[in-house]
Amino acid sequence: MNVVKTRIGGSNRLSDEQALDLLNQPFESVRLRAVAMRDSGHGRLISHSKKVFIPLTQLCRDVCHYCTFAKAPRRLDAPYLIAEEVLEIAHAGKAAGCKEALFTLGDKPELRYRAARQALDELGFASTIEYLNAMAALVYRETGLLPHLNPGVMTADEIASLREVSVSMGIMLESTSQRLMEPGQCHHGSPDKEPSIRLQTIEECGRQKVPFTSGILIGIGETRHERIESLLELRRLHERHGHLQEIIIQNFRAKPGTRMAGAPEPDLEDLQQTIAMARLIFGPTMSIQAPPNLSAGGVKELIDAGINDWGGVSPVTPDHVNPEAPWPHLDDLAEQTARSGKILVERLAVYPAYALHGETWLDRAFQSPVLGAIDGDGLARTDEWVPGYAGQELPDLTSTPGFLNDRGLDRILLEATQGRDLSETEVARLLAARDGEIADVTEAADRLRRKVNGDDVSYVVTRNINYTNICYYKCKFCAFSKGKMSENLRGRPYNLTPDIVVQRAREAWDRGAVEVCLQGGIHPDYTGQTYLDILRAIKSELPDMHVHAFSPLEVYQGAATLGVPVAEFLGQLIEAGLGSLPGTAAEILDDEVRATLCPDKINTRQWFDVIDTAHRLGLKTTATIMFGHIDRPHHWARHLLRLRAQQQRTGGFTELVPLPFVHMESPIYLKGLSRRGPTWRESILLHAVARLALHPLITNIQASWVKLGRNGIAACLGAGVNDIGGTLMDETITRSAGAEHGQEMTPEAMEALLARLDRPSRQRTTLYGNASNERRNASFTSVVPA
């Protein structure tokens, strides 16, 4: 699958002639078109990478007339940084929160300097590229920083070897102007600046599927016409291979001590115009970057020209290529970005479109680490919170000073609170909220919760009974199932007899439970009769116990084994005493995801067929969404809207339960094929957006204490949630995946938690009525088994 759009701009793609004609158009017209195009592709986000800069060698065989990075051996303490120096820089970056190790170096200095050849001999390497390979591997191995390499021109073999130790590479094209190679021009005497050679390197990186950075340097003697020609050459390569993840528009800075020390620098409007033209040439989704440290005080102006990325910004090391221009402090850059109406976000060295498709664009060694470092949008995870771990502090989601509201988001929030149907794009926009937008969404959801449900928080006294963990389905996320057919063979398989199930149900009743929730693996010996026998056994012993049992998968399989339609089997279950159906086995209700996550499970249509039939027979069900693995926010939006559409038809859902993916023992994670669950931002937003997107049709939004813990539950209760689920007594499935929040929360513990939050508590039934006084009293006077 070709995962990167290589046809630039669709029907709005500029021809070469139209691109060149931009030079004849009014600057303001070009700029406004560029800004609109940028916003259509990137919205409010301006990205950056938090990097550490490692100048492996400042020796270079080229003599560019504007450069102060390259130095002769006599001006350096040593030709190359040694391993200890490289690691010292990398560890400092790691400690400062950097995720990228940017290796910058001169081109093939051993071809010019004896000192370079001697140093490489002493280090035990045949070339600078070979030494770079070793140092990139060392930094990744010792620190986990993701290497981005700028080694200059490379052969195909060199690119292949460096791809194994990096997540991205780059080389500035600078210019395709052959004039600049002539005597008196800036690239005279610099063989590696030959445009055709640089273009060969860029193209070969495309052939080898290397996420790549390139761009142009303006103000070095090229004409504006030549700038456009250079950009068009880059576009041709990208349309062929799809590998250019960003285009940098870098402005020349005159530096003392160079041959171009007195040359005029491009002014801000010249830089803006070039950025705007690059945006229009490359289209809405390309990342266009301009370094913020090279245009002092020009943050707003660069944003207003059409950029969406600031490049790498280091809190540790200087810009060794432009040492006279210090990096802005990230807090200052975030505030200036916010005051320009945008939101600063962090990315990795490998851009989101490539990080999300690492199987195509990354060496196998980096695919799992990159997945573990990104969120559902492919941007960097900026904290360590994951579902299921105990003792975690919740990440700070407060807004950046200077944050400005977005009128488009405000409009969507208004429409949601009025109960209107939202589009997939609008729901996805709510899920994309960042910075101060998060509070806008969660506060709107909580105002709606207060209006619909009041301040009471409900919970149910229940017992989970998982009657078997033997399953012949091979869901790639499941750490619960055991047996020959399962993805995970750890642990002991079990299969409870009906007598044991009834005994556990009796224990739950004695402890004040109003329901038992029955689910399990799909045992190869189970038929629909098994489920009927379990139901009848419970109801004969405990006629007043509500049995909330059997996922749509179990219903579908049970009907198939008996050779009867789903409606007939559901009728038999109802006659046997089934009270309601859990809406599990939903995971993500989108077959694009299910084809990988649970390929042999019922598909989206089959899940809804069971649910629709149950509702039409008068059986209420819950609904769930299990998110944060291989899915994306647009899948979550589709899932929510499909639930809303079903509720409009049949009205049988009692609640939605968002279930953040717990990754620790999940087979798909252990194989390196999934993310580490949703981020905290994604988790709280999913609960809030569910409240908004499903209003007024599904009125109960539940948060899972097993996944989120007490702190997470408390926060979600301020983001649209009105229910905290069941006491459970025997939680098994999430604990099997590695969660640490326990297997039971007693009524005393639940109500104490709610009292600390100054929220009234309400013990409920399965269908959201009030639990009887008898059941409530029993739940508080029973003794918890040791």
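**Strands S1 and S2.** I started with strand S1 (residues 45-57), which pairs with S2 in the parallel sense over six bridges. For my notes, two strands pair if DSSP finds at least two bridges between them. Helices (H or I, at least four residues) and strands (E, at least two) are DSSP runs, numbered from the N terminus. I then picked out Lys-51, whose bridge partner in S2 is Glu-100.

Before going on, I wrote down the ground rules: this is a predicted model, so local features need pLDDT of at least 70 and side-chain atom pairs count only at pLDDT 80 or more, while totals for chains, interfaces and linings use all residues. Residues are numbered from 1 along each chain as its sequence is written, and side-chain values use heavy atoms, with hydrogens and water left out.

Is S2 mostly covered or mostly uncovered? I found S2 (residues 100-105) mostly covered, with six of its six residues buried. Buried means under 20% relative accessible area, exposed means over 50%, and partly exposed is in between (1.4 Å probe, protein chains only). In a regular strand the side chains alternate between the two faces of the sheet. In S2, I see Glu-100, Leu-102 and Thr-104 pointing one way and Ala-101, Phe-103 and Leu-105 the other way, all of them buried.

**Strands S13, S14 and S15.** Next I looked up S14, which pairs in the parallel sense with strand S13 (residues 546-549) over two bridges. Here Val-547 stands opposite Leu-578 in S14. S14 also pairs with strand S15 (residues 620-627), in the parallel sense and over two bridges. For that pairing I noted Leu-581 opposite Thr-621 in S15.

Most residues other than glycine have a negative phi, and most peptide bonds are trans. I went looking for departures.

- Glu-587 has a positive phi of about 50 degrees although it is not a glycine. I place Glu-587 in the loop between strand S14 (578-581) and helix H22 (591-597), and Glu-587 is buried because its relative accessible area is 8%.
- Lys-209 has a phi near 60 degrees, again a positive value in a residue other than glycine. Lys-209 is in the loop between helix H7 (195-207) and strand S5 (212-218), and its relative accessible area of 29% makes it partly exposed.
- His-695 and Pro-696 are joined by a cis peptide bond, with omega about 0 degrees. I find Pro-696 in the loop between helix H26 (680-694) and H27.

**Gly-720.** What is Gly-720 in contact with, leaving aside its neighbours within four places in sequence? I get Ala-445, Asp-446, Arg-449, Arg-691 and Ile-701, where contact means heavy atoms within 4.5 Å. I also noted that Gly-720 and Glu-443 are 277 residues apart in sequence but 7.9 Å apart in space, C-alpha to C-alpha.

**Arg-775.** This residue is in helix H30 (residues 773-781). Is Arg-775 buried or exposed? Arg-775 counts as buried because its relative accessibility is 6%. Its side chain makes a polar contact with the side chain of Glu-774 at 2.8 Å. A polar contact is a pair of N or O atoms within 3.5 Å; within protein, one must be able to donate a hydrogen and the other to accept it, and residues adjacent in sequence count only if both atoms are side-chain atoms. Leaving aside neighbours within four places in sequence, I list Trp-509, Gly-512, Ala-513, Val-514 and Gln-763 as contacts of Arg-775.

**Thr-143.** I found Thr-143 in helix H5 (residues 128-143). Thr-143 is buried because its relative accessible area is 7%. The Thr-143 side chain reaches the backbone oxygen of Val-139 at 2.6 Å. Apart from neighbours within four places in sequence, Thr-143 is in contact with Ala-90, His-91 and Lys-94.
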